[in-house]
Amino acid sequence: MAQKRKSGPRIEPIFDGGDAAFLDLRPTSRDRVSTSVPASGKRRRQRPDQPDEEEMSPSGRGRPKRSAPRGGGSGKPRRKRRGFLGRLVRRTLYWGFVLSIWGVIAAVGILGYYAAHLPPTSEWHVPERPPNVKIVAANGELLANRGDTGGEAVRLEQLPPYLPQAVIAIEDRRFYSHFGLDPIGFARAMAVNVSSGRLVQGGSTLTQQLAKNLFLEPDRTLGRKVQELVLALWLEATYSKDEILEMYLNRVYLGAGAYGVDAAARRYFGKSARMITLAEAATLAGLLKAPSRYAPTRNPKLAADRAQVVLAAMHDAGFIEAGTARKAINEPAVVVSIQNSSSANYVADWVMDMLPQYVGAIDADIVVDTTIDGSMQEAAELALRGNLAAQGQTLGVRQGAVVILDTAGAVKALVGGADYSQSQFNRAVAARRQPGSAFKPFVFLAALEAGLTPDTVRRDQPFTVKGWSPQNYTKKFYGDVTLTQALAMSLNTVAARLMSELGPKAVIRTARRMGISSPMAANLSLSLGTSEVTPLELTAAFVPLSNGGYGVVPHVIKRIRTTEGRTLYARQGNGPGKIISPVHLAQMNHMLAQTLITGTGKKAVLFDKRPAAGKTGTSQDFRDGWFIGYTANLTATVWLGNDDNSPTKKATGGSLPADIWRETMEAAHLGLPVAPLPGVAAQMILEAGPAPSDDAPLPPADVGSGSQLVPPQEGAPGPLNLIERIFGN
């Protein structure tokens, strides 16, 4: 309980220093406004030195009473509460403003610090896009794109409008309104990330993504992020929004090795980005989140779901109507795989291997015009694949190659394997295999040039030289036969006997003149094709038989030009000129034509009875099966075998290779005029000599067909040096 205050006179404070000691500091009626009014309504007059009665304590000792607040309760605490809230708001605003200023200063300092580690702005420039090589067929149709990007650089106005709209809708909806950094998008992304407890959204604008792709490494550090922002601001200040968007669309990675929308459109849909549909555009835009995960070739269901999200975003952004979005969802994108397995890729790879020899380093987009005929390429590919699928397993053969040349040596079709997506090794150009009996025409041509004739007789009987005894395929001997019969029946003993008479060096000289460039062993077994060759060079060596006796240099590149049309290279070479006399040419064509009639190449006879000639070939243990044939228009070679050089199950040159050759050539000759072989009248080809008796079964003959387009110009120079042979004049 509080102690009672002692009574007594009030002691007033006394101040030293003159009159101040006598001042009365007690409040008087002059110091306050009295609110007490008597019941009579008149205020009682009061002496100045007398306190108001209502303010006196009950004891009357001059202690003023505290008047009750109006309305009940205490008024002073309310004033305190109101003052505290006001001060809190004012201080929050003040310190928020102060912290904002310091935040801006800190942000500028951080930007300046990391910007100082970048090169001077005078050295900043957008790096050139890696050059693209567009490889086209003879009619201008695209065969393939090659280069680091895998596609062309396309202008923004060349693209359907819904493609950039899809990218903007799903990646950066305020692209055309922000300055390189989207504060709203960044804040939203941070809020989503904080609420989810993990990184869900990135918040980077298209400009920031472009800056990262152009200039920076993909590491996730604060310094890299700040530099990305600095470079994004520079891009926004230097280029227009359309230019930035165009650069982004041409450089962004979209999975499967495709950089840029054109490369991705060709990779997934087999068409240019200029021609894609709305659903395909949504699929491409959906890849930006995670190209490997959403690739339609890897996860079609996930890619389709993501495309629907993009279409919904496009509708929300006002780019498309609801009905258009529903239609695109009901007609989803269809992925094609032909771009990955097409045999045209073998041609494109071959072209890329040769390009440095023609134009040196490639520092800009170029177009390579080739000699390839698209329909012939497709026919050769279908024939090879179809027959291998139907009979390959039965015959124990898994791989093959097809080459077609015209009479000038231009490559019209080249298939380097059964499926490019499974194996990119180009067997047509790089595989060296034993040609077997397909080499024998060079032996017989050398014999004719040495003075023998197609009617010259040689005895087919056991033959041994230095312990080597060649055997026929049938293990039988047929006695006296003409050279025509021996070539048509592919008799090994007669070929070896001719090689012994002529000498290996004479045959090698003839084969070199015809176009065989691979090393050849100077021994008698060469007559049976024991030295390895490539399908391409063997095909080129048969072309002189079809074009009137003119040597050719096989070539696939016709012209190289820039995208602006400036020519960098144009082929002008004519080859080594005349290499076979007309007499010997006519004799060889007559002999090889008989192979289709009386020999082992009967499966190669064309449906329209078009004059043709050729030769089959089978290497030891049936490891290789060949058919090389020609007409007056085209020369084609088919090779079958296994990459590990394992034996096949008797896939001889006259069996499956002949079937593939016939199918390929029949399709390739559609629309071409029928013409006789050089030096051989049509009626002479149809005259069949007496066939061997039934008790003398034929060995696997190697027969082809002849061809003759416009021959190289008469009087062309002799054999060219290596540079001229490869590149022309």
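Predicted model: local features only at pLDDT ≥ 70, side-chain atom pairs only at ≥ 80, totals over all residues.

User: What makes β1 and β3 a pair, and in which sense do they run?

Analyst: DSSP needs at least two bridges, and β1 and β3 have 4 of them, in the parallel sense. Within that pairing, Ile135 sits opposite Val368 of β3.

User: How do you know that β1 and β2 pair, and which way do they run?

Analyst: Here 5 bridges link β1 and β2, and the sense is antiparallel. At least two would do, so the pair qualifies. Val136 faces Leu142 of β2. The hairpin of these two strands has 5 residues between them, and Gly140 there takes a positive phi near 95 degrees.

User: What about β3 and β9, how many bridges join them?

Analyst: Strand β3 (residues 366-370) and strand β9 (residues 557-562) are joined by 5 bridges and run antiparallel. Thr370, for one, has Ile557 in β9 as its bridge partner.

User: In what order do the strands of the open sheet come?

Analyst: The order is β2-β1-β3-β9-β10, 5 strands with mixed pairing.

User: Why is β1 called largely enclosed?

Analyst: Buried means under 20% relative accessible area. In β1, 4 of the 5 residues are buried, so the rest of the structure largely encloses this strand.

User: On to charges. How do you know that Arg174 and Asp182 form a salt bridge?

Analyst: The limit is 4 Å between a side-chain nitrogen of Lys or Arg and a carboxyl oxygen of Asp or Glu. For Arg174 and Asp182, the closest N and O atoms are 3.0 Å apart, so the pair passes.

User: Is Asp182 buried or exposed?

Analyst: Buried: Asp182 has a relative accessible area of 7%, and the cut-off is under 20%.

User: What makes Arg385 and Glu381 a salt bridge, and where do they lie?

Analyst: Their closest N and O atoms are 3.4 Å apart, and the limit is 4 Å. Both lie in helix α14 (residues 374-395), 4 residues apart, about one turn of the helix. Glu381 is buried at 11%, while Arg385 is partly exposed at 27%.

User: And Glu449 with Arg513, how far apart are the closest N and O atoms?

Analyst: They are 2.4 Å apart, and the two residues form a salt bridge. Glu449 is in helix α16 (residues 440-449) and Arg513 in helix α19 (residues 504-514), so the pair ties together parts 64 residues apart in sequence. Glu449 is partly exposed at 31%, and Arg513 is partly exposed at 32%.

User: Which residues do salt bridges that share partners join into one network?

Analyst: Lys134, Glu152, Asp262, Arg266 and Arg274. Across the structure there are 26 salt bridges.

Conventions:
Residues numbered from 1 in each chain as written. Heavy atoms only, no water. Buried < 20%, exposed > 50% of the residue type's maximum accessible area, 1.4 Å probe, protein only.
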